[in-house]
Amino acid sequence: MPLSAAASAREILVRLHDVMAARSNAQAKLNQVVEIIGEALDSEVCSIYLLREGVLELFATRGLDPAAVHVTKLALGEGLVGTIAADVEVLNLDEAASHPHFVYRPETGEDRFQSFAGVPIIRRERAVGVLAVQHHEARKYADVEIEALQTVAMVLSELIANAGLIDGPSGAADGTRPQSTASVRISGQKLVDGMAAGYAVFHQPRITIEHTVAEDTEAERHRVYAAFDKMREQIDRMTREAEFGVGGEHEEVLATYKMFAYDEGWGRRINEAIDSGLTAEAAIERVQQRTRQRMRQIDDPLLADRMHDLEDLSNRLLRIVSGQMGTAAQLGLRQDTILIARNLGPAELLEYDRRRLKGVILEEGSLTAHVTIVARAMGVPVLGRARDVRRLIADGDLLLLDVSEGSVVVRPSAGMEEAFDAKLALRQKRRAAYAALREVAPETKDGHRLTVMVNAGLRDDVAALDLTGADGIGLFRTEFQFLVSATLPSRERQQRLYREVLDAAGDRPVVFRTIDIGGDKALPYLKDDPAGEENPAMGWRALRLGLERDGLMKVQARALLEAAAGRTLNVMFPMVSEAWEFDEAHALFEAQRDWLAARGRRLPNEIRYGAMLEVPSLAYQLDLLLPKLQFLSIGTNDLTQFLFAADRANPKLAERYDWLSAAILRFVASVIEPARAAGVTLTVCGEMGGRPLEAMALIGLGIERLSITPAAVGPIKAMIRSLDRGAVMSEMQRLLAAPPRDFRGAIAAFAAAQGVELG
């Protein structure tokens, strides 16, 4: 039976308010709660399980055998109740016994009931219990009933916490120190490279909601309105005061963040939660819980990042409405600090004193997250996906953050500190030495001048040309502008970015790759993109998507052509699989050039066309393709996964297939001579070319142009200047003729014998 209007969530909360206000003990209150909920939802069974000493214990029930109370216990992950608590997710089943995790406990007498619904009781972002209902007949509970259960679960979390019925959270999350004070190393994902030492500061002490049931709904609503006004004022001020120099993609990030702050739908959902009888704080938390549940279901990292931005704003709103504004930023940093947070929004990061903020550790985070982009602009190293930081780190612990190693050392020993300081000093010395190579040409010992270019994707990345002395931008990833934008970038915005990049590059070449979106880089504002691809890296993406959505590609073509007026335009098409795909893309650009010319628009002096060689099939069509190209770039990142049928995002496969293998090196070698014979410039793009040993091997094959990350330019220049090109070419020819089992070891041994500088 669906929940009736008389038994709405608000009506349940009104009755629960009286229960919570009564002087009876906690057990008596829980016994009353299960009766109230069971009656309201017309369920024969309503049960409350609480987490005690690491297991879920049946604390109160209506409908199950009363003798099972305090007797029936389930481990986290055991049975339906344990699954709900472990996953912090809702279960709604019309046939409970058919679920693979169903466990029957005979002492409860629950074999008479078919349907089951349960929700986690959440306290400080973890499940501390489960509220469940059961029914004789097979039926799924309606959405409004599940919503009522989740709202009631919030109230229960307050009741049971105040009564001391649940295990207290451990570690730094509640301000206590970890059980161990020994040194520990925590691994994570490299988001923004760098090294830093500092003391642990938690970004945000957790706000505990003391009162969940509203006395005056209208008063709560006005509190939320006032908090929204104050939050928007803060966001507006921070975006005005952000200082990054002139321009930058981070400005678009902050504009997107501001858009969330003014989202009417978000405010409406909070109002609906207040209507159900919750206080302003509880209503914000209730909507935030829904956001977290949605985040756990989102596979698309870009959508997940935007949900993180919304959660960041929820945290800010909750602090304002509760009057608890004391984040670490507001309190001020007193010493060199490594900031720790579950996640951060870009505006929150901007609040910190950059003189004291040395690094950031995130429990979540991703390479495309807005906060990562802003941190990179600030020059703050960031380690993401660091597990158990709240359990293993206490406020004030000394931390040694080394993002290049993907780790942080907590409470280091004196020896660890000494080793870290030595590595940091060596890194700074090397950086100084690499900086000294800025004006030095990448020329080998035997006098062969090579070309070293950088990969870029944001306006700020162009500054790396002057900082490193690179020869140009060999790969400008135009999709980055699309990935950090909440809406499709207009032609004017695209044109402005491309013109600014060309202006900053001056007479150095810039190769613009047309957008590589779709598949694993889906854009939420392209509504009809294929979803749920089993293998998105090999799916409907890049040029495949661009040719289908020719309107999108035409806009980009016009933006590039107009931005490069009076200059040379180098345009490259990604993921070309067959020669005809290049022909269609080339024809599209030429048609746009003709369209602009017919209208008297100023055009580039020259257009040079190129293709990315990432799909192995293209190597067998080079005789058809090379006569049409001015340049060809080998994309080693995608090429490796396609050649080995190994998803590079799969951690089990990430290190399994080596770039220094005969398969990869022979493939690259097979392309060099045809390209040279056709007069086509050949470049290797991707991480392979940015690693000194791998780059040395590529040079030994005959590669003369590399496009790499800016940070790799110094080390690669140093390697090139210590290298005898003729000697390494002879060695590579010998090794490829009879490949050794340990190809990497053989090349490394050669480099050591020759005194090649590998950093």
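Start by selecting helix H22: among the elements covering its buried residues are strand E20 (631-635), H23 and E21. Helices (H or I, at least four residues) and strands (E, at least two) are DSSP runs, numbered from the N terminus. Buried means under 20% relative accessible area, exposed over 50%, and partly exposed in between (1.4 Å probe, protein chains only).

The model is predicted: local features need pLDDT of at least 70, side-chain atom pairs count only at pLDDT 80 or more, and totals for chains, interfaces and linings use all residues. Residues are numbered from 1 along each chain as its sequence is written, and side-chain values use heavy atoms, with hydrogens and water left out.

**Whole chain**

Zoom out and colour by pLDDT, the predictor's confidence in each residue, from 0 to 100. The protein averages 81, and 82% of the residues score at least 70. Residues 1-7 stay under 50. Residues 169-179 are also below 50. The protein has 27 helices and 22 strands. Of its 759 residues, 56% count as buried. Contact means heavy atoms within 4.5 Å. Take the contacts between residues at least 6 apart in sequence: 68% of them join residues at least 24 apart.

**H22 and H23**

Return to H22, residues 636-644. It is largely enclosed by the rest of the structure, because 7 of its 9 residues are buried. Select Thr-636, Asn-637, Asp-638, Leu-639, Thr-640, Gln-641 and Phe-642 to see them.

Two packed helices are described by the angle between their axes and the distance between the axes. Axes are lines fitted to C-alpha atoms, for helices over the stretch in contact, and angles run from 0 to 180 degrees between N-to-C directions. H22 and H23 pack at about 115°, with axes 11 Å apart. Their crossing is right-handed (near helix turned clockwise from the far one by less than a right angle; anticlockwise is left-handed). Show Leu-639, Thr-640, Leu-643 and Phe-644 of H22 against Ala-663, Ile-664 and Phe-667 of H23. This contact has 6 nonpolar, 1 polar and no charged residues. Here Ala, Val, Leu, Ile, Met, Phe, Trp, Tyr, Cys and Pro count as nonpolar, Asp, Glu, Lys and Arg as charged, and the others, Gly among them, as polar.

**Trp-659**

Select Trp-659, in the loop between H22 and H23. Is Trp-659 buried or exposed? Its relative accessibility is 12%, so Trp-659 counts as buried. Residues that Trp-659 touches include Thr-636, Asn-637, Thr-640, Ile-664, Arg-691 and Glu-694. Arg-744 is 85 residues away in sequence, yet 8.8 Å away C-alpha to C-alpha.

**H24 and H26**

Move to H24, residues 692-701: 10 of its 10 residues are buried. They run from Pro-692 through Leu-701. Its cover includes H23 (662-677), E21 (681-685), strand E22 (705-708) and helices H25 (710-721), H26 (725-737) and H27 (743-754). Gly-702 follows, with a positive phi near 120°.

Next, show H24 with H26. How do their axes cross? They come within 7 Å and cross at roughly 85°. The two helices are therefore roughly perpendicular (65 to 115 degrees; under 35 is roughly parallel, over 145 roughly antiparallel, the rest oblique). Select Met-696, Ala-697, Ile-699, Gly-700 and Leu-701 in H24, then Arg-725, Val-728, Met-729, Met-732 and Leu-736 in H26. This contact divides into 8 nonpolar, 1 polar and 1 charged.

Methods
Lists of a residue's contacts leave out its neighbours within four places in sequence.
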